[in-house]
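Work through the exercises below with the structure open. Each task is followed by its solution.

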Amino acid sequence: MKRFLLLSITALLLLVLAACAAPAPSAPAPGAEEAPAAAEEAAPSEPMVLRYADKAADLGTMDPHFAAATNDRNLADMMFNALVRYKPGDGSTFEPDLAVSLPEPEVVDGKQVWTFELRKGVMCHPTADTPAYELTSDDVVWSLQKSANPDTSAYAGEYNGMTVEALDDYTVKITLDQPISPILFFPKVADYAGGFIVCRKHYEAVGAEGFKTSPAGTGPFMFESYSPQDKVVLVANDAYFRGRPKLDKVEYRYMPELNSRELGLKSGDLDAINGQNESDWVARMDQEEGISVDVYGVGEVATIHFNTSVKPLDDVRVRKAIAYALDRDEFLALFGGPPVAEKVYSVVPAKFLPGGLTKEEVEALGLDYARDLEKAKALLAEAGYPDGFSLEVVSSERESYLKPYTSMQAQLAQIGIDLKITTVDHSSMHKLIRQDVNPIVVYVAWRPNADVYLTRFYHSDSIVVTGAKPDTNFSHYTGIDDLIEAARVEQDPDKQVEMWKEAQIKLLEEMISYPILYMNQVTARHDYVDYGHELKSVLALYPQFDETTTLSK
Amino acid sequence: MARYIASRLLLAVPTVLAVLTLVFFVVRVIPGDPATAALGDYASQEAVEALRERMGLNDPLYVQYFRFLSDLVRGDLGKSMITGKEISELVRQVLPYTLELTITSIFIGAILGVPIGIYTARHVNTSIDYAGRVGSLAGLSVPAFYLGILIMLLFAYKIQLFPAVGGGDLKDLRSNLSHLVLPALTLGLIMTASVTRLTRSAMLNVLKDDYVRTARAKGLSEQVVVFRHALRAALVPIVSIIGIWAASLVADSVLTETVFARPGLGKMLVSAILQRDYTLLQSVMVIYALFVVGINLVTDIIYSFVDPRITH
């Protein structure tokens, strides 16, 4: 008996010992074979691999025009370029990307024309289906037309009224039926959503379905492999037009569990991770030796929208009463406050986008709705609801939604408003609120400019269910259409900003929606990870790994 | 024996069909829209509608059901609604990870649980017996994900003996084994607890039987009495519990694979639910169901070898 037990334990120990042995070194990166002669003579070194874990469960798609989830956007950011790009680490500045320079628009026959001169020598990634080839205006035109087609892009709506044509191999002309300012035009051709340029020959070789898991662009990293539920591996693009990346590879891992990502980072299995959007977590991780936490924009804005077409919210006094009963500090406390969550006073966040209202501006106008329960109760009584009323809402199960809803529930209870919350899964909530079931909607979103925010949330065409193009106008508001449309075609940036501000002042005056807070991005990394740029705000919602990113182990 | 196996196989057919039907409808009862989940809230309504059409979600439910059944009968699991990849290819890539985890865990559970169970039964009410009972009770009480995190903290973070996360490279034995140890230990320890308890109680019953006393009276050595006479009779419930645990380990692997960030069927199931990938979700559930049906079948067959009376 004892011998049998001993044998069993020995067998297990042997298994463990075999596993304990150091793993074999990874295969060198393909790019290493083409390294300069001097490097070949040097002693072979370990490939520089950055291992990053995101909170996603798996890949969705690597077609940038369908990339909606953060993890998919991150990969698109590393593999593709656009005509212009947001400066790495700073989403408030545009700079040329595939284009040689940022063009000035011309007006021809009442239409606005933007002419882009392309860089020469930009190479599409080589793949098993297509060899590397030079990107030309043919790829750019075809790619932007793909973005405008709802069958091949999720962002087709952004490209209505746009005509793209190639003047020669390196010149692309974009004509807009309706002139718009640079601040509204550049996001359409920037490295975000539909602006990414896809290599046509490869797309046509593998087809739409194939491209989702076998992409080819011109970015600093090329697709190497995809292991379902595990990782996507990208390798350095030796022919990248800004120079070969310092990293040999990026391992982009799918780890939805925060504990696993945290332990993976601490144990050294990972170099950087997507963190937790809570200030307590940031403080705790910052205390770990050799680990730093970066907190940066862009911040997704949480806003409360009131449906002004239903009773009792059709009465502005009721909406104002609710605003006076709410306290941004209480919402903020649920996320641990700054630096992760910060207060916001207009639907367009002034910190990240032109056209937003600052705290000082709102306070000066007396539209900050500082908490005043007596005033709230008086307004309710004046509106005919001295004892309050009941409302039923659905909330997503996600904390970013459920926390604001439950906090609002507790705060409104103090003025007699009984908010009944039904929790549903996130995707169902999106479906239900678009069917207009919620009299009050909490919505957390980032949009690339003030026009998109205002159009999609407050233009009458965007009213849920009944609008001409139903979208996310949950408040059924129709009062700022003229301002939104006038601002969209305004060429003077200062005047444009003033119009956006005016529109938002009107929203606050009529208390159409109550902006609560924005939540920044949180990433933790080992100190030896150098992203190569300062992190202020990143639209791709990760630290951005590019040719300058390196590991100084 | 052949007739017995054939009857078991035939019985599995309606079971599998019932499971397939249930899986198809359960998947569609899950709230949420795959097209919206895939494209996110920034996508235009036009694009969402176009995707729904391409996904075949606008077809009547019965059309989708018969398409699902006919594809399955032809051995075609279809394509993932989200990534567009062949599901058979996706499953082929992750199945080895789940199989190696399940098999190693069963191995650990059996190789530790049976001897500990026998030993504690033979030394009943001693300190070793008490320790075994407390240990197995603790093992049964601790959820797999929690034990996994504790094991990860100890062996990957404090001692740094094994990697914390990932599945390793299947082509590199060392890398693969080093990534397998901690998750296998997690599931194996939980199974050990159950097998230990059952083996102990089965052996306690058998050791009191007359034929065991007779064997001892005949002067047979204790080793022969325990292994040749008592253990053989106790094997039926032990095989039964190992079979049940093998099936539940497949379910436990969902949590373990998520905690250890290992690729596998469990993690695939979770991601298919999160992404509302109907085709992938129903395929993975079908594979799980077939797995359980298969394990039950194998258990039944092993029964018949351990105790031939069962075939009658």
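**Exercise 1.** State which residues of α1(B) and α4(B) meet, and classify them.

Step 1. On the α1(B) side the residues are Leu20(B), Phe24(B) and Arg28(B), and they meet Leu61(B), Tyr65(B), Phe68(B), Leu69(B) and Leu72(B) of α4(B). Contact requires C-beta atoms, placed from the backbone, within 7 Å. Helices are DSSP runs (H or I, at least four residues), numbered from the N terminus.

Step 2. This contact has 7 nonpolar, no polar and 1 charged residues. Ala, Val, Leu, Ile, Met, Phe, Trp, Tyr, Cys and Pro count as nonpolar, Asp, Glu, Lys and Arg as charged, and the others, Gly among them, as polar.

The model is predicted: local features need pLDDT of at least 70 and side-chain atom pairs 80 or more, while totals for chains, interfaces and linings use all residues. Residues are numbered from 1 along each chain as its sequence is written, with chains lettered from A and ligands numbered from 1 in the order written.

**Exercise 2.** Describe how α7(B) and α8(B) pack.

Step 1. Helix α7 (residues 144–158) of chain B and helix α8 (residues 173–207) of chain B have axes 9 Å apart, at an angle of about 135°. Axes are lines fitted to C-alpha atoms over the stretch in contact, and angles run from 0 to 180 degrees between N-to-C directions.

Step 2. Residues in contact include Ile151(B) and Phe155(B) of α7(B) and Leu182(B) and Leu189(B) of α8(B). By class, the contact has 12 nonpolar, 2 polar and no charged residues.

Terms used. Helix = DSSP H or I, 4+ residues; strand = E, 2+ residues; numbered from the N terminus. Contact = placed C-beta atoms within 7 Å.
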